[in-house]
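Good morning, everyone, and thank you for making the time. Please have a look at the sequence and the structure as they come up, and then I will walk you through a few places in them.

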Amino acid sequence: MIEPKIIILISFGYISLLFAIAFYGDKRAELGKSVISNPYIYALSLAVYCTAWTFYGSVGAASKSGLAGFLSIYIGPTMTMILGWPVLRKIIRISKTNKITSIADFIASRYGKSATVAGVVTIIAVLGIIPYMSVQIKAISTTYLLLSKGPQIIVLPYLTDIPFLKDTAFYVALLLAVFAVFFGTRHLDATERHEGLVAAIAFESIVKLVAFISAGLFVTYGIYSGFGDLFQKASLVPEIQKLFAMEVNTTTFSGWYNGLFLSMMAIIFLPRQFQVIVVENVDEKHLNKAIWLFPLYLLIINIFVIPIAFAGLLTFANKKAVDPDFFALLLLMAEQQKGLALLVFIGGMSAATGMVIVEAIALSTMVCNDLVMPVLFRLSFLKLGQRSDLSYLLLNIRRASILLMLFLGYLYFHFVVEYYALVSIGMISFTAVAQFAPSIIGGIFWKGATRSGALSGLIAGFFIWAYTLVLPSLAKAGVPLENFLAHGLFGIEFLKPQQLFGLDSTLLGFNQYTHAVFWSMVFNIGLFFGISLFSRQSEVEKKQAILFVDVFKSSVEAEKSSFWRATASVGDLRSLLERFLGKIRTHEALEAYARQHRINLDHEVTADAGLVSHAEKLLAGAIGSASAHAMVKSVVQEEPLGFNDIMSILDETQQIIMYSRELEKTTRDLEAANEQLKELDRLKNEFISTVTHELRTPLTSVRALAEIIHTNPDLDAVRHDKFSGIIIKESERLSRLINDVLNFQKMKSGKIQWEFCRIDIREIIEDSVFSTSQLIEEKKIDLRLHIPKRQVFVIGDRDRLMQVMINLISNAVKFCDKDQGIIDIGMTIEHDCIKVTVRDNGIGISPENKEIIFEEFRQIKDSSRGRPLGTGVGLTITRHILEAHKGDIWVESELEKGATFIFTLPPAPSVEAHETAGITE
């Protein structure tokens with residue numbers, strides 16, 4: 001046991017640290033230096049999903065059912081994050097565009113900013129989450145008693161017999177309410193974002209991870225000698241051995257898939273998850289990292305669940321009163337590890353307080369905006385319209401809501417929770433929030449979804465949930481409902497809550513949660529689609545449907561265009577905003593709008609539709625979209641806006657989008673052209689560098705040898721002839737280089753003068769071979785000639801065609817095999833062309849380079865041969881010459897298998913036709 005004052009002192013010290021972190025985060029946000037504008041902080045804040053259910057309940061579930069008992073609750077969120085990120089991204093974008101502050105606000109805004117829809121969603125959320133809050137109260141109060149009084153307190157009657165004022169859980173609930181009030185309702189924010197709170201939640205996520213991993217490491221390696229030792233000993237116990245394998249039957253499968261479905265929905269639709277994922281999101285891009293960081297967190301925190309469960313079963317095998325939910329703490333206490341036990345207690349408290357605080361803040365916002373304020377506005381005797389500042393009223397309503405919800409959570413704990421495991425209570429809440437799925441997912445992808453359909457589905461799903469899950473849970477807690485359970489409502493067997501409409505759950509393998517999910521989803525989805533198909537949308541619904549479904553098309557344009565057709569003075573709008581946001585925040589918000597749009601916001605100035613819409617969004621951040629819409633309507637004179645007007649606005653918006661896209665396309669084309677110019681400039685520079693290098697080499701050789709001959713008049717004849725031969729050879733090389741450059745320049749300027757005549761292509765080939773024979777002999781290349789013996793005439797420029805052949809032969813020489821080069825030159829006569837081939841056995845050409853080599857300045861570099869000789873324009877000139885002769889050229893090659901250059905020329909007409917055309921030889 002540990003002294004209670006030590007536990008309380010450490011707990012308050014930890015909570016104080018969280019307050020300090022939250023205070024620091026808020027101050028940094030006020031200075032414009034957000035501490036949560038970081039994808040890692042964002043990902044950690046999502047781990048508020050891991051509550052006392054995760055920290056304690058997962059071990060309890062694993063102790064009873066093995067992997068099947070707890071794992072689906074974490075695979076579901078992983079699947080949602082990895083596979084469902086487009087849905088999350090769309091919800092975030094919609095919420096940012098429409099200043100959404102809660103899940104009730106989101107659904108209400110989609111269905112025409114309906115106050116009724118918002119109220120129904122709020123009721124479902126509050127009643128659905130109260131059982132979940134009670135789980136956190138149970139976890140903190142039970143673990144406190146375990147630490148301070150020892151494990152004997154886990155016998156259930158001990159807790160339920162305690163009076164309220166002597167019950168530790170009552171004071172835990174009270175303290176949690178106070179913490180939530182201080183964390184989330186210190187001031188009213190037009191965006192309902194709490195940067196300090198998010199920073200504190202991210203820190204809590206680290207603490208609970210470290211605490212649970214520390215407990216797991218001690219149990220696995222401190223009590224036992226590692227995973228192998230622990231699992232080996234567990235396998236010897238028949239009861240534990242059953243947990244190693246998942247029993248394959250309908251009950252297992254239905255429970256597994258039900259857990260997957262509920263957890264996939266819960267990670268988005270639990271009010272606290274919607275708060276941290278959507279409302280508190282600073283940057284949409286943070287989602288890119290969260291989709292893998294959050295699943296990684298879930299993986300790490302669950303590594304030691306099975307080891308702790310098995311160790312608990314081994315240690316407390318003969319103690320039936322021991323609650324397996326708290327094995328992690330009990331094992332440490334049994335080993336006298338007080339320091340580590342305190343760390344685990346703090347980790348569990350982090351998991352529980354994080355959930356309660358964020359959930360309470362999210363729900364209090366919904367209760368205030370969507371339940372209380374709409375009612376108060378309708379009570380004329382309160383004269384709320386005459387009050388100059390309502391911000392304090394809003395804050396006090398939220399504070400009172402938090403206190404009330406925690407008290408209800410305590411009552412549920414006191415009378416019901418002690419009869420259930422943590423996981424079982426959590427499943428009740430998961431089933432409740434799953435009712436939001438059809439109206440949200442259907443609403444953001446289907447424009448035809450209507451308010452009537454969503455409302456009908458929500459109400460039906462809620463009543464089925466309450467009938468099949470909540471009422472039976474109360475019966476087990478002692479409420480006299482045995483008749484109801486056994487024989488159904490009014491004694492009608494068909495209405496038995498756990499066999500609704502005669503569905504025998506045992507035959508299908510349904511447990512009570514699968515049964516409730518099945519029937520609630522059947523009615524919810526069926527009514528949502530059925531009534532939507534046969535009901536009509538109001539004009540506001542149609543507008544909102546377009547904005548939600550087409551958010552990625554219209555989010556930018558929505559800021560520029562408004563669906564309001566109204567007139568109001570700036571002074572009236574300013575006064576309205578000041579009542580809810582206060583003078584300072586209103587002034588800052590309107591001044592920012594004025595600077596952005598460069599307009600005058602004097603009191604007498606008439607506000608345009610854009611400012612009216614902006615004012616509504618500012619109000620929506622404080623009191624919800626439904627109430628904001630109603631309040632703005634009370635101060636403006638609205639002109640009815642028909643559907644044709646909406647379509648006209650959308651047509652204008654579509655034109656803007658089309659213009660924007662054309663502009664983007666033009667910009668991309670300019671960017672592409674600019675990149676091409678940069679590439680040409682680079683190639684030009686490379687060409688100049690290459691030409692300079694190629695000219696310098698022979699010039700240097702010629703100059704050096706000429707100086708030797710000049711300064712040595714008595715040089716022997718052999719050396720004189722040798723040096724003279726080299727000078728002549730290098731001079732010819734210079735001439736070829738200069739001719740290449742000149743021909744290229746003429747080709748680019750279109751100034752080449754062609755001298756066409758009737759010529760024998762065989763002579764061109766033979767003369768070209770002779771001209772390059774010395775080069776071929778020096779390289780010791782085996783040249784093979786395969787050409788017809790008879791004359792083959794073409795109409796062409798002899799010198800240019802000679803240049804083509806010399807270029808191709810020189811190219812083949814450059815890239816031939818170093819040791820045993822072979823060049824094959826062939827010519828064939830086909831029915832419509834003459835085909836000439838030049839094949840070498842060199843390094844070959846890769847597929848991606850087959851076209852590039854014909855581009856100007858391009859050369860293929862080979863690491864084994866170094867920089868190739870030449871200017872890089874030879875093949876460009878070759879292709880240009882052949883195209884001028886109405887021919888073609890291409891290359892066939894594979895790497896390391898040589899290359900074959902093939903060109904074609906049209907055959908010359910007969911002599912008679914040739915002379916008729918007036919061409920003489």
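This is a predicted model: local features need pLDDT of at least 70, side-chain atom pairs count only at pLDDT 80 or more; totals for chains, interfaces and linings use all residues.

Let me begin with helix 18, whose buried residues are covered by a set of elements that includes helix 3 (52–65), helix 8 (115–149), helix 11 (195–223), helix 17 (305–315) and helix 19 (338–378). Residues are numbered from 1 along each chain as its sequence is written, and side-chain values use heavy atoms, with hydrogens and water left out.

Helices here are DSSP runs of H or I with at least four residues, strands are runs of E with at least two, and both are numbered from the N terminus. A residue is buried under 20% relative accessible area, exposed over 50% and partly exposed in between, using a 1.4 Å probe and protein chains only.

Why is helix 18 described as largely enclosed by the rest of the structure? The reason is that 7 of the 8 residues of this helix, residues 327–334, are buried, and these are Phe 327, Ala 328, Leu 329, Leu 330, Leu 331, Leu 332 and Met 333.

After helix 18 comes Gln 336, which sits in the loop between helix 18 and helix 19.

Now to a pair of helices. Helix 1 (residues 4–30) packs against helix 10 (residues 168–184) at an angle of about 15 degrees, with the axes 11 Å apart, the axes being lines fitted to C-alpha atoms over the stretch in contact and the angles running from 0 to 180 degrees between N-to-C directions. That makes the two helices roughly parallel, a term for angles under 35 degrees. The contact, meaning heavy atoms within 4.5 Å, involves Phe 12, Ile 15, Leu 18, Phe 19 and Ala 22 of helix 1, together with Leu 175, Phe 179, Phe 182 and Phe 183 of helix 10.

Finally, for the whole protein, 53% of the 921 residues count as buried, and the secondary structure comes to 39 helices and 10 strands.

Notes:
Angles under 35 degrees count as roughly parallel, over 145 as roughly antiparallel, 65 to 115 as roughly perpendicular and the rest as oblique.
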